[in-house]
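Here is a short briefing on salt bridges. Look at the charged side chains and how they pair.

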Amino acid sequence: MNSLRGITSEDLYQITWVNDPTPSPQDGQLVYVSRQTNEARDGYCSHLRLLHLGSQKDRPFTFGDKDHSPAWSPDGSQLAFIREVDRKSQVWLIPSDGGEAQQISHLEHGVSSLLWSPDGRTILVKSSVDMTNQEESHSTNSKPDTTDDNKLPQELVVNRIRMKSDGSGLWDGKRTHLFAIVPLSAEATL
């Protein structure tokens with residue numbers, strides 16, 4: 001007789017999620033995001049894996065803890081992706097034949113998405129820009145006691161009609177802008 005059991009919370013540590021399958025424009029390769037639960041960190045880790053379509057064997061392609069959003073260059077020679085380090089996501093670039101990934105963006109509030117230009121010379125990225133003036137204050141000048149026993153909610157002084165957005169929550173003084181990154185010079189520009 002076949003014995004079946006219910007799923008337990010421990011089983012979740014064995015599950016691997018596959019996201020963002022992205023075929024190479026040139027040579028029959030596909031890169032995808034592999035995401036697993038990390039029990040030691042009480043969170044998730046994700047990295048990119050490369051699959052050769054003819055062999056059906058994949059291999060690790062990046063070794064970061066939070067890599068996602070892969071995008072091949074139009075000629076298939078490079079792969080751009082977003083890596084989160086120290087709670088800030090930036091664009092990284094790796095050659096299609098492997099090697100060491102290099103960070104090519106250094107934006108203050110990180111990057112949320114990327115897209116190659118059709119000629120492969122530029123990567124367009126989306127990032128937040130702080131729009132508050134130093135004279136404007138969105139909270140009181142007094143600093144609340146933030147010890148674990150005495151955490152107080154942060155108050156928000158609303159002085160604009162646009163104070164919140166569906167899906168984003170309360171406006172934090174930042175607006176989304178587009179930046180162009182030229183991978184060879186690795187400089188972000190407006």
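The count comes to four salt bridges. The model is predicted.

**Arg5 and Asp11**
- Arg5 pairs with Asp11, with the closest N and O atoms 2.9 Å apart.
- Arg5 is exposed, at a relative accessible area of 61%.
- Asp11 is buried, at 18% relative accessible area.
- The cut-off for buried is under 20%, so Asp11 falls inside it.

**Glu84 and Lys66**
- A salt bridge joins Glu84 to Lys66, and the closest N and O atoms are 4.0 Å apart.
- Glu84 sits in strand 6 (residues 78-85). Lys66 sits in the loop between strand 4 (57-60) and strand 5 (67-72).
- The pair therefore ties together parts that are 18 residues apart in sequence.
- Glu84 is partly exposed, with a relative accessibility of 28%.
- Lys66 is partly exposed too, with a relative accessibility of 35%.

**Asp67 and Arg83**
- The side chains of Asp67 and Arg83 form a salt bridge, 2.7 Å from N to O.
- Asp67 belongs to strand 5 and Arg83 to strand 6, so this pair links parts that are 16 residues apart in sequence.
- Asp67 and Arg83 are both buried.

**Burial across the pairs**
- Which residues of the Asp67 and Arg83 pair are buried? Both are.
- In the Glu84 and Lys66 pair, Glu84 is partly exposed, and Lys66 is partly exposed.

Definitions and conventions. Residues are numbered from 1 along each chain as its sequence is written. This is a predicted model: local features need pLDDT of at least 70, side-chain atom pairs count only at pLDDT 80 or more; totals for chains, interfaces and linings use all residues. Side-chain values use heavy atoms; hydrogens and water are left out. Buried means under 20% relative accessible area, exposed over 50%, partly exposed in between (1.4 Å probe, protein chains only). Helices (H or I, at least four residues) and strands (E, at least two) are DSSP runs, numbered from the N terminus.
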